[in-house]
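Please read them with the structure open.

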Amino acid sequence: VSTSEVEDWMALFDTSDVNEKCISLFMEVTGDCLRWNSKAVSQLFAMYLLPELRAFDCKDFFTAWQQSMPDGVTALEEHLDGIAIVDYDSTPSLVKYMPEFEMPEDVNERLDLLFRARSKWTLQAITPYIQ
């Protein structure tokens, strides 16, 4: 989609400052064309779906999450890093809402909480929580 088409459409709803911020957060700009930033959009929709229940059946969550996405955006499990963890050890498997911004600032408390939630982490999955 061209930048001008998006800006014209968005001008109907808000101010140019808000529109520019939305484009910078959720879109990738290539020349005069825009496309969705899949990770940013996926994370936004995950943060919309998860807080109410705090935990969601894994299969149901991934289905609802993908169905809520705009065309062209694919929800990937790694997009949940820093927002939620997938607990494959529980029955049924669960996606648990665990946003980094709600965690304690104290390093020891944070690490304790992380390792109570999951005993083993990949570097990619734990990085948003320890940065």
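Predicted model: local features only at pLDDT ≥ 70, side-chain atom pairs only at ≥ 80, totals over all residues.

1. Helix 1 and helix 2. Helix 1 spans residues 3-11 and helix 2 spans residues 16-26. The two pack at an angle of about 135 degrees, and their axes are 10 Å apart. Angles over 145 degrees would count as roughly antiparallel and those from 65 to 115 as roughly perpendicular, so helix 1 and helix 2 are classed as oblique to each other. The crossing of helix 1 with helix 2 is right-handed.

2. Residues between helix 1 and helix 2. On the helix 1 side the contact uses Val6, Glu7, Met10 and Ala11. Their partners in helix 2 are Asn19, Cys22 and Ile23. By class, this contact has five nonpolar residues, one polar and one charged.

3. Helix 3 and helix 4. Helix 4 covers residues 58-68 and packs against helix 3 at an angle of about 125 degrees. The axes of helix 3 and helix 4 lie 10 Å apart. This pair, too, is therefore oblique, and helix 3 crosses helix 4 in a right-handed sense. Helix 3 brings Ser42, Phe45, Ala46 and Leu49 to the contact, while helix 4 brings Phe61, Ala64, Trp65 and Ser68. Six of these residues are nonpolar, two are polar and none is charged.

4. The second largest pocket. Its volume is about 180 Å³. Which residues line the second largest pocket? They are Val6, Met10, Cys22, Ile23, Phe26, Met27, Trp36, Val41, Leu44, Phe45 and Pro70. Helix 1, helix 2 and helix 3 (38-49) each supply at least two of the lining residues. The lining has eleven nonpolar residues, with no polar and no charged ones. Val6, Met10, Cys22 and Ile23 are named in this lining and also in the contact of helix 1 with helix 2.

5. The largest pocket. The largest pocket has a volume of about 210 Å³. It is lined by 14 residues, of which Glu77, Asp81, Arg118, Thr122 and Ala125 are the closest to its centre. Strand 4 gives the most, with three residues. The lining of the largest pocket divides into seven nonpolar, two polar and five charged residues.

Technical notes: Residues numbered from 1 in each chain as written. Heavy atoms only, no water. Axes fitted to C-alpha atoms, helices over the stretch in contact; angles between N-to-C directions. Helix = DSSP H or I, 4+ residues; strand = E, 2+ residues; numbered from the N terminus. Parallel < 35°, antiparallel > 145°, perpendicular 65-115°, else oblique. Left-handed = near helix turned anticlockwise from the far one by under 90°. Contact = heavy atoms within 4.5 Å. Nonpolar A, V, L, I, M, F, W, Y, C, P; charged D, E, K, R; others polar. 1 Å grid on protein atoms, 1.4 Å probe; cavity = no way out; pocket = protein on both sides within 12 Å on 5 of 7 lines; lining within 4 Å. Points joined across faces, edges and corners; volume = space filled by probe spheres on them.
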